[in-house]
Amino acid sequence: MLNRVLRWTHLPAVVVMVVGCITVVTMLTIPSVSAIAVLPGMAMIAQGTVLLARSSFPVWTLGGCVGLDAVVIVATSGETGSGALAVIVASYSLIRMRPTLRSAQYLVSAAVFTATISSIALLSNPEFSAVVAVGASLVRVFVQNALPAVVADVAATRTRLVQAYRERAEHAERDRQAEVDRALQDERTALARELHDIAAHHLTGIIVSIQAAAVLLRNNQTVDVDMYLKTAIGEANRTLDQLRATVGLLRDGNGDDLVLSPTLDDIADLVAAVRGRGSPIDFHRDPRTPSVIMEMSPTERVTVFRMVQESLANVVQHAPGAACTVEIVSGADLVTVTVTNDAPQSSTTRIDDAHLPTSGLGLIGMRERAHLIGADLRVEPIPGGGWQNRLVVAAPKRTR
């Protein structure tokens, strides 16, 4: 309640009017009081009324208060300073609400006017010398005009500083929230990429195996049906195991590397699994490749593994029966992983009117992974209707 009263805009005006009323009442209680004696109190009441407009018209408010103060100064030969309170409030309000050069000019004009009137009034009184008259006048304008202006300027500067700090804090909060949003988006992208790479590859193998089994059953060739069904079951189990591992890593809060770091043997097993489903695939690597792969960071190894995995899945989807080559070459500065396939060939173990699902997200994921480790990925057709995916990764420093 007290804070609301202290923040009330018209509180200074009311205080000035109350003081003026008290002054008038006090003077009227004195016997044979003159009209001049009640003039200061009446002027203060008038000044309080003028101060009611200080928020909307600070310049005119200052002029009114200074004019009424001058009337009191002249009427009392400069001895009474009862009008100073209202002038102090008006001077403060002008600089506080309109801190401009024009406002300062108005304030200086008011101070010069008051100093002149006060000096003349005091010099008309034989009790004051010229030095005292001028000195008192300067003190009056310092208290009434200069000091309130300085306080108002300090308050305005503090307000601007607080506002600057507030804006800086808000800007920092927006940046922090944007950073959080980017981090969340990166996590969602990484999770989506990982789930796609896990599911798409194995589900492609499951679909191909079931399709092949269906063709064999339709042609009454039941000899290899059991093999294809076991292959499909194995792919389904591997998919489930990898999904469980991914979910477990996420629940433990260690989702930066969503899979364990694969080795060259994992890549060889991947190639063998796809070859076992009937795709003719050759795998070539130089003698240095195993050690170089192990010296790579976990993220780099995952990128290489997922690139080969997605490339083979695309071969099965878009080039069934085509000859394919997976090659890893380890140089002094670069490790080059290349997956190349010939043009699609007809297959007796594929249903002609069936279509494997495709989303186009595999290539996007490959590019994102390559970008994360600063590798170069090229995906392009080759002469003869084939296709080639090439990933170039900087070799680990220890191998240079």
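Helices are DSSP runs of H or I, at least four residues long, numbered from the N terminus. The model shown in these views is predicted.

**View 1. Arg182 and Glu179 pair within helix H7.** Arg182 and Glu179 both belong to helix H7. They sit 3 residues apart, about one turn of the helix. Their side chains meet in a salt bridge, at 2.5 Å from N to O. Arg182 has a relative accessible area of 46%, so it is partly exposed. Glu179, at 45%, is partly exposed.

**View 2. Helix H7 also holds Arg176 and Glu173.** These residues are 3 apart, about one turn of the helix. A salt bridge joins Arg176 to Glu173, with the closest N and O atoms 2.8 Å apart. Arg176 is partly exposed, its relative accessible area being 43%. Glu173 is partly exposed at 40%.

**View 3. Asp376 and Arg378 form a salt bridge.** The N to O separation is 3.4 Å. A salt bridge here requires a side-chain nitrogen of Lys or Arg within 4 Å of a carboxyl oxygen of Asp or Glu, so the pair qualifies. Asp376 counts as partly exposed, at 36% relative accessibility. Arg378 reaches 51% and counts as exposed. The cut-off for exposed is over 50%, which is why Arg378 falls in that class. By the salt-bridge rule, the count comes to 3.

**View 4. A nonpolar patch lies on the surface.** Val139, Phe142, Val143, Leu147 and Val151 form this patch. Together they have about 420 Å² of accessible area. Val151 is found in helix H7, which covers residues 130-218. Val151 has a relative accessible area of 44% and is partly exposed.

**View 5. Helices H2 and H3 cross.** Helix H2 spans residues 11-28, and helix H3 spans residues 35-51. Their axes come within 7 Å and cross at roughly 165 degrees. That makes H2 roughly antiparallel to H3, because angles over 145 degrees count as such. The crossing of H2 and H3 is left-handed.

**View 6. Ser82 is a buried loop residue.** Ser82 lies in the loop between helix H4 (58-75) and helix H5 (84-97). Its relative accessible area is 18%. Buried means under 20%, so Ser82 is classed as buried. Gly20 is 62 residues from Ser82 along the chain. The C-alpha atoms of Ser82 and Gly20 are separated by 8.5 Å.

Notes: Residues numbered from 1 in each chain as written. Predicted model: local features only at pLDDT ≥ 70, side-chain atom pairs only at ≥ 80, totals over all residues. Heavy atoms only, no water. Patch = residues over 30% accessible without salt bridge, like charges linked within 9 Å, V, L, I, M, F, W, Y side chains within 5 Å. Areas by Shrake-Rupley, 256 points an atom, 1.4 Å probe, with all protein chains shown as cover. Helix = DSSP H or I, 4+ residues; strand = E, 2+ residues; numbered from the N terminus. Buried < 20%, exposed > 50% of the residue type's maximum accessible area, 1.4 Å probe, protein only. Axes fitted to C-alpha atoms, helices over the stretch in contact; angles between N-to-C directions. Parallel < 35°, antiparallel > 145°, perpendicular 65-115°, else oblique. Left-handed = near helix turned anticlockwise from the far one by under 90°.
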